[in-house]
Amino acid sequence: MIEPQLNGENNSPEMQKDSKEIEYQKQAGDNDYKNSIPIKGVNRGHLFPCSHAHDLDTQKSTFTLTNIVPQVVSFNNGRWMNMECKVQTTLKLNCKDANDQIKAYVVTGAVPSNNNTLKNRVNIPDLMWTAYCCYNNNLKQWVAQAHWGENQKEDNKTLPSNTLAELYDMLDRHYGGGGDVQVFPDQCPKGDILRALPLKDGDVHDHCVYDDDCVCSSVGVKGYYLPVVLVSVLVMMM
């Protein structure tokens, strides 16, 4: 889908199907991704994950090309997808509001490359990053965590979890911000949450192999883990 407002066509907030043959001046189109896998080894990668959506309409809204960047196929379908699914599980367990509804603030971003593009138009990012912050009613405090990985061909190793402070340092190095990068307000902790959060009975965390619907297709290891932070400027409510 495309966003017609960016083309100055109308002021409708509704997304529209791409006409395939048009080259849009202010956004990517389906034609930009034609033969992207055999030529560049990349496919369409979500910024805000479809798996985080709380209903069908929200899921559909993630399929706009303004929410997509070119991701190396093995990275998009491997470590990045597994991380998104594990974060989803973490949010379900640890980010409930007073009404027992999931409420988390999720931010996802991409560090652009210098000159790696699709058809000399769409930037293929060097790195993907994501973070989340939410209030944990059990701990009575805000929790946060971040992940990132290079957009390159790789094996299926797990993306490590990082603190917000580590994320900010990494983004400062890439953007030369001089310590100015900040994704969340100050109440979101920049350091580790030292207390581990137990998984509920019947839940699994590590060693899962996830399908496109974030269903774990192999039994993992029960245990303890820290909450995770995801990055993409949207409020997520489930």
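In this predicted model, the largest nonpolar core has 29 residues, and the members that touch the most others are Tyr33, Leu91 and Tyr132. Strand S2 (68-72), helix H3 (73-94), strand S3 (103-111) and strand S6 (127-136) each put in at least two residues. H3 makes the largest contribution to this core, with 5 residues. There's also a second, separate core of 17 residues, and Val107, Cys133, Trp148 and Leu164 are among its members.

Now for the strands. S6 and S7 run antiparallel, joined by 10 bridges. Cysteine 133 has alanine 144 in S7 as its bridge partner. S7 (residues 141-150) is mostly covered, with 7 of its 10 residues buried.

What about aromatics? The whole structure has 3 aromatic pairs, and Tyr105, Tyr135 and Trp142 form one cluster. Two of the pairs look like this:

| Pair | Centre to centre | Angle between planes | Type |
|---|---|---|---|
| Tyrosine 105 – tryptophan 142 | 6.4 Å | 40° | tilted |
| Tyrosine 135 – tryptophan 142 | 5.7 Å | 70° | edge-to-face |

The tyrosine 105 pair links distant parts of the chain, with tyrosine 105 in strand S3 and tryptophan 142 in strand S7, 37 residues apart.

Why does tryptophan 142 count as partly exposed? Its relative accessibility is 27%, and buried would need under 20%. Tyrosine 105 is partly exposed too, at 30% relative accessible area, and tyrosine 135 is partly exposed with 30%.

Conventions
Residues numbered from 1 in each chain as written. Predicted model: local features only at pLDDT ≥ 70, side-chain atom pairs only at ≥ 80, totals over all residues. Heavy atoms only, no water. Core = buried A, V, L, I, M, F, W, Y, C linked by side-chain atoms within 4.5 Å. Buried < 20%, exposed > 50% of the residue type's maximum accessible area, 1.4 Å probe, protein only. Helix = DSSP H or I, 4+ residues; strand = E, 2+ residues; numbered from the N terminus. Pairing = 2+ DSSP bridges. Phe/Tyr/Trp six-rings, centres within 6.5 Å; stacked < 30°, edge-to-face > 60°.
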